[in-house]
Amino acid sequence: MARIGVFVCHCGENISATVDCDRVAENASGLPGVVHSVDYKYMCSDPGQTLIKEAIKEHKLTGVVVAACSPRMHEPTFRKACAEAGLNPFLCEMANVREHCSWVHEKTESTTQKAKDVVRLLVEKVKRNEALQPIKVPVTKKAVVIGGGVAGIQASLDIANGGHQVLLVEREPSIGGHMSQLSETFPTLDCSQCILTPRMVEVAQHPNITLWSYSEVIGLDGFIGNFTVKIRKKAKSIDEHLCTGCGLCTQKCPVRKIPSEFEQGLGTRPAIYTPFPQAVPNKPVIDKLNCTYYLKGRCKLCERVCPTQAIRFDQPDEIVEVQAGAIVLATGYDIKRTDFFPEYGYGKYKDVIDGLQFERLASASGPTGGMIRRPSDGQIPKNIVFVACAGSRDPAKGIEYCSKICCMYTAKHAMLYKHKVHDGTPYVFYMDIRAAGKDYDEFTRRAIEVDRTKYIRGRVSRIYEKEGKLVVVGADTLLGGQKVEIEADMVVLATASVANPGSEELAQIVHVSYDRYKFFAEAHPKLKPVETNTAGIFLAGACQAPKDIPESVSAASGAAAKVLGLFANDELTREPLVAVVNRMAPPLFSTCIGCFLCQPVCPYNAIEREEFKTRDGKLLKAVARINPGLCQGCGTCVALCRSKSIDLYGYSNKQIYTEVSALLDEALV
Amino acid sequence: MDQFEPKIVAFVCNWCTYAGADLTGTSRLKYAHNVRIIRFPCTGRIDFLLLQQAFAKGADGIIVSGCHPNDCHYTSGNFHARRRWMVFRQMLENMGVEAERIVFSWVSAAEGAKWADLVNETVESIKKLGPYHKYQDMAKSLEEWEVTHE
């Protein structure tokens, strides 16, 4: 039999000015199941809480209703008070008679009646509350970081320095990402590799970091603190323990004309290769699609020259499962290539290049040794045109967002060009100059004022070839849209930054949501920028949206801080307000009919399939099961369930049905 | 006869509309007292048969309100609610239930004034429609039928 206590708060005069609290308490004492009902000036004060605690003990209460302010304000306070008196905190409910009653109505009979109704409703609800225990889940203190660009490197180092194990998984043969391809970085013009490669080496040597390059995540199971990550380690065709990275094989390999991915197609590499000299790990892999042995069955020159016999042509891909407590996604971005632009020649003009290609041309370690030379004939261009917003902010191209980094790197490119070709003229076509950031605007002003870059505000409609020159046709909108034609030797398109290929697939594997541009979605755009809506999975860097290096690094450190915060606990405690699928004795097992319509509506992929089998393995019934570690308690599955087999703790069918009925059983107004 | 005071039940989500109604209170905006709020974690939790239950128990009007599209605390619950509502409304119309007695809206945690307006407008429109006994009578006669045929 229920023994409910009702405690009506005056909140000073906030409630009692318009609600007759005496009568609310008196009315409540007449409700079925209510054994104790009082009013008091300040329930949330110490004496008020003591009043509740003593009443719980004295009257052996099985439920408490506090009629006071919004539960969003003081529910934790009163639940804690109940717990201290030995009553399960989930047997305490609050009736909102301040925000939803006394503050929004005048002092009339109807206002007091409304307060009485709300109390009655909550009394009926609390009678059906269940004593719940917080859910505890253990935490595996190991993180998997996916992507080894600057964000992944930073996140890995921060977590590892915090004393926890990290597995860094990188798709390419080396970590470093796009940052390792850059020549200099804005706004300081310091050399990108000079600041990045020490970090890469630190990753390789850190005792807490395991680095798996040439590997991909192909599956994910589990939930926060308890993930199982399935990783494919692609065959490198070398024994990494034996290989010393001497590089003899890469020198002797007879296949030499493969366009280098690292050099953005401006240089070549052999079939057995390390992407660049400072690669980490600095051990080669064999590109099976181009290796003569894999294509024709003979060659094996590398095997013959290898001083340590490290070549393994028969090495298979390896699939490994790893336990982890948290995951950081740092898969970065890519850029649109020149073939995306029919108006700029579909990529058929060799001297129309993209921003990353220019980075390689300007890089001291690049294919031209840092000299700006035209890819077509190796001449030094005297007139160079940079086209900003190539594809970005252009609904016609399907990319409506600003790629954010192009304004800055275009200014940087113009400066680098001018520093290397003193008699050359750089032109920049732009829509707006977006240079918000520390020392950023000063940097773009320097490109214009000191390095004399000719900025033209307008867009480029067409580029065509005429007598060995590229004619760039654009408009100058500051001169009333006047047509501008520039005969250029080379054109650099600041093409749009886009989500990395494969990011959609990865998002589906790890169950995080992504936006319409395939960038991963954060849990809240302002207040949870590094969390995803899957607990335990965090975002770092440009996989979320276009970001520059400082932003990527700070997001990575933010994600690492979240992981370290998570790993500071041995167990996670969660509110037990989760959905459950009922269970009963065989042969029914559950009223669930196993339609699994609930699975696609769950935003958290918390619904699993549970199979009941006989001893010899014959399937008797498959029913849904909700993983309490993943469930966030939204209840969408509860409303959907056709057989009413799912219920939600805290908002059960019984509780809500009674609330609706209790409200209207008596005269309402 | 006394002036008709409609009974209105509001089904609201905890994260947006309940908080929005809290804001109405902290802003001391006044609105009609006819509404009783039932808190749900999310509009996606609302089993629309509960709306029928409310009518059967004598509600004259119903408000369903949650987070704006794309603002759902649980990512997509409000979209599921919206879809269910589209189907449910058609079903109600086919059954001859006055679907205009149900107001479906979005009120965010920052829209205290919108909540007050929503309640006032709903009360006004339900006052014009008058008391709603049809569904209650039907439910009662069904109960009686069940009793006599047991």
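A:Pro187 sits in the loop of chain A that runs between β8 (184-185) and β9 (190-191). Strands and helices here are DSSP runs numbered from the N terminus, with at least two residues of E for a strand and at least four of H or I for a helix. The peptide bond from A:Phe186 into A:Pro187 is cis, and its omega is near -5 degrees.

Some bookkeeping. This is a predicted model, in which local features need pLDDT of at least 70, side-chain atom pairs count only at pLDDT 80 or more, and totals for chains, interfaces and linings use all residues. Residues are numbered from 1 along each chain as its sequence is written, while chains are lettered from A and ligands numbered from 1 in the order in which they are written.

There is another cis bond to list, the one from A:Pro586 to A:Pro587, with omega near 5 degrees. A:Pro587 belongs to the loop between β31 (579-581) and α16 (598-601) of chain A. Most residues other than glycine have a negative phi, and most peptide bonds are trans.

Which brings up phi. A:Arg393 is not a glycine, yet its phi is positive, about 55 degrees. A:Arg393 falls in the loop between β21 (383-390) and α12 (406-420) of chain A. A:Arg393 has 18 other C-beta atoms within 10 Å, so it is partly exposed; the scale is that 20 or more other C-beta atoms within 10 Å of a residue's own means buried, 12 or fewer means exposed, and anything in between is partly exposed, with C-beta atoms placed from the backbone. A:Lys518 also is not a glycine and has a positive phi, of about 75 degrees. Its loop joins α14 (503-510) and β29 (537-539) of chain A, and with 17 C-beta neighbours inside 10 Å A:Lys518 counts as partly exposed.

Now the layout of chain A. It is divided into domain 1 (4-127), domain 2 (142-332 + 522-567), domain 3 (333-498) and domain 4 (579-649), where the bounds come from an automatic or database domain assignment. How far apart are the C-alpha centres of domain 1 and domain 3 of chain A? They are separated by 68 Å.

On to the cores. A nonpolar core is a set of buried Ala, Val, Leu, Ile, Met, Phe, Trp, Tyr and Cys residues joined through C-beta atoms within 7 Å. The largest one has 118 residues, and A:Val6, A:Val64, A:Val65, A:Val66, A:Ala67 and A:Val119 have the most contacts inside it. Helix α5 (residues 109-127) of chain A gives the largest share of this core, seven residues. Why does this core lie between domain 1 and domain 4 of chain A? Because domain 1 (4-127) and domain 4 (579-649) both give residues to it.

Take A:Leu61, from the loop between α2 (46-59) and β3 (63-68) of chain A. A:Leu61 has 24 other C-beta atoms within 10 Å and therefore counts as buried. Contact means C-beta atoms, placed from the backbone, within 7 Å. Setting aside neighbours within four places in sequence, the contacts of A:Leu61 include A:Arg3, A:His36 and A:Leu87. A:Leu61 and A:Leu87 are 26 residues apart in sequence, and their C-alpha atoms are 7.9 Å apart.

Next, the sheets. Two strands pair if DSSP finds at least two bridges between them. Five strands of chain A make an open sheet with parallel pairing, in the order β20-β27-β21-β22-β23. At the edges are β20 (352-354) and β23 (454-457) of chain A, each of which pairs on one side only. From one strand to the next the twist averages 20 degrees; axes are lines fitted to C-alpha atoms, for helices over the stretch in contact, and angles run from 0 to 180 degrees between N-to-C directions. Helix α11 (residues 355-362) of chain A packs on the sheet, where it touches β20 and β27 of chain A, and its direction is at about 90 degrees to that of β20(A).

There is also a hairpin of β32(A) and β33(A). Strand β32 (residues 607-613) of chain A pairs with strand β33 (residues 619-626) of chain A in the antiparallel sense, over seven bridges. A:Glu610 has A:Val623 in β33(A) as its bridge partner. Five residues lie between the strands, and A:Gly617 takes a positive phi near 90 degrees.

Last, the contact of the two chains, which takes 37 residues from chain A and 36 residues from chain B. On the side of chain B that touches chain A, the largest share is six residues from α1(B).
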